[in-house]
Amino acid sequence: MAEEKKRLAIICIHGSLDVAFAAFVLATAGAAMEMETAVYFAFYGLEVLKKGKIDKLKVSPLANPAMPVKIPNIVAMLPGMTAAATSMMKSWMKKAKVASLGELMEMAKELGVRLIACQMSMDVMGIKKEELIEGVEIGGAATFLEFASHNAITLTF
Amino acid sequence: MAEEKKRLAIICIHGSLDVAFAAFVLATAGAAMEMETAVYFAFYGLEVLKKGKIDKLKVSPLANPAMPVKIPNIVAMLPGMTAAATSMMKSWMKKAKVASLGELMEMAKELGVRLIACQMSMDVMGIKKEELIEGVEIGGAATFLEFASHNAITLTF
Amino acid sequence: MAEEKKRLAIICIHGSLDVAFAAFVLATAGAAMEMETAVYFAFYGLEVLKKGKIDKLKVSPLANPAMPVKIPNIVAMLPGMTAAATSMMKSWMKKAKVASLGELMEMAKELGVRLIACQMSMDVMGIKKEELIEGVEIGGAATFLEFASHNAITLTF
């Protein structure tokens, strides 16, 4: 039996800029290394797949004691602080000349990364197929597990 | 050598409703696909295994900029808002006719999913075996890694 | 073909005490079971590798409805509460006689666990090699995926 192609199976259940960024950096790296790659978006992760949302995801400065710029929670919870943390993170990314999240997603699609939206999460959160970007598959936990059960690296974000 | 049965090895270190739900949806799906499945609960995840707690787990509206209903952190931190976010999430689940967390856990047990409580986390958090539901095994990191080292999909929540 | 040695490939993208603790408990357990083990630190996880930081990581009491000691968010966001939750967690660890995070990291190094800092995250967050502890490798997503693609258990924290 010839060895199966290596796969990379990623679950993304969070919809914040930092977590989605990690998922797409690994997905594009895997695809560039010729792994068959799929990212399964469930729960809050579905935000990533909504039309027009990819470059509007945010970073929360709250409840993250490891944020590089320390902001006390009593300040971090004030209106405007999530926006402030988000633009700070984006300016760092720009300065470091890394791709934006939207660019990473385009790259992922061009490299053939499968983007799968979790049907049950869509039902629970009342999200319709029309709200999601083009090229997204819809599937269930079994879709993901079937993909992940053949020679795959699995990551959860 | 006959191929080993596929396994699904899940670690759950968070004890919120949404994360536990994701863990049990995948665990029951895996078991239904005839994978040998085990979920290892550590740290806050132990809440899930406490007697009478499964249907009382909560969702936090704080520090999650991808919540489908946007609540500013300055409101989300007010007393009662965690309860509000939790009942909102539960009503969505009911409307979408998905199983409750308690039902998913029963299903998992019937399908033979192993539920393992992390001994060290119990020691750190002062949780006694008597506080946990029936049918839970107690084990350590080595128990989990030994299980996960044979033909397993591994997921962390 | 002789079977490859089992590997344990961990990604740590958070920099809080509890998450880093889980990562190091599993890394040292894996290495003790003779798995080739590597932990890849990205984003906030880089805090763990900064000189003098390992024993200063914190636990946030906010937005975690499964904290064993329930603290309303309106209290948890007050100045001093992150420090309070952190010392509470540390005193529990001491009482349970588990190793401190610094001790676990030393043990990991002695057992040959590879500690890898994500280059792109360093660039984004403006962290220089000199700020990191001795013995850390610097690598990219491809370094991690190449390691993880040979007979590895993969975990994400």
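Across which strands of chain A does helix H6 (residues 141-148) lie, and at about what angle to S1(A) does this helix run? I will come to that in a moment, after some words on the model and its numbering.

What we have here is a predicted model, in which local features need pLDDT of at least 70 and side-chain atom pairs count only at pLDDT 80 or more, while totals for chains, interfaces and linings use all residues. Residues are numbered from 1 along each chain as its sequence is written, and chains are lettered from A and ligands numbered from 1 in the order in which they are written. The model has an ipTM of 0.88 and a pTM of 0.90. For chain A the average pLDDT, which is the predictor's confidence in each residue on a scale from 0 to 100, is 89, and 91% of the residues score at least 70.

Let me begin with the sheet of chain A. Helices (H or I, at least four residues) and strands (E, at least two) are DSSP runs, numbered from the N terminus, and two strands pair if DSSP finds at least two bridges between them. In chain A, five strands make an open sheet with parallel pairing, and their order is S4-S3-S2-S1-S5. At the edges we find strand S4 (137-139) and strand S5 (152-156) of chain A, each of which pairs on one side only. From one strand to the next the twist averages 25 degrees; for angles like this one, axes are lines fitted to C-alpha atoms, for helices over the stretch in contact, and the angles run from 0 to 180 degrees between N-to-C directions. If we look at one pairing in detail, strand S3 (residues 114-118) of chain A runs parallel to S4(A) and is joined to S4(A) by three bridges, with Ile116(A) opposite Glu137(A).

Now to my opening question: helix H6 of chain A lies across S1, S2, S3, S4 and S5 of chain A, and its direction is at about 150 degrees to S1(A). Helix H1 (residues 17-32) of chain A lies across strand S1 (7-12), strand S2 (36-41) and S5, and runs at about 170 degrees to S1(A). Contact, here and below, means that the C-beta atoms of two residues, placed from the backbone, lie within 7 Å.

In chain C, too, five strands form an open sheet with parallel pairing, in the order S4-S3-S2-S1-S5. Strand S4 (137-139) and S5 of chain C are at the edges with a single partner strand each, so one side of each is left without a neighbour in the sheet. Strand S1 (residues 7-12) of chain C pairs with S5(C) in the parallel sense over five bridges, and Arg7(C) has Ala152(C) as its bridge partner in S5(C).

Next, how do the chains meet? Between chains A and B, the contact takes 30 residues from chain A and 28 residues from chain B. On the chain A side, the elements that give two or more residues are helix H5 (119-125), H6 and S5. By class, that side has 18 nonpolar, nine polar and three charged residues, where Ala, Val, Leu, Ile, Met, Phe, Trp, Tyr, Cys and Pro count as nonpolar, Asp, Glu, Lys and Arg as charged, and the others, Gly among them, as polar.

Where chain C touches chain B, 28 residues of chain C are in contact with 29 residues of chain B. H1(C) gives the largest share of the chain C side, six residues, and by class this side has 21 nonpolar, five polar and two charged residues.

Two packed helices are described by the angle between their axes and the distance between the axes. For helix H6 (residues 141-148) of chain B and H1(C), the axes come within 9 Å and cross at roughly 65 degrees. Ala141(B), Ala142(B) and Leu145(B) make this contact from H6(B), and Val25(C), Leu26(C), Ala29(C) and Gly30(C) make it from H1(C). By class, six of these residues are nonpolar, one is polar and none is charged.

Finally, how are the copies related? Chain C is superposed on chain B by a rotation of 120 degrees with 0.0 Å of shift along its axis (RMSD 0.0 Å), using least squares on the C-alpha atoms of residues with pLDDT of at least 70 in both. The two copies are thus related as by a three-fold rotation axis. For chains A and B, only 17% of the interface residues of chain A are also interface residues in chain B, so the copies meet through different surfaces.
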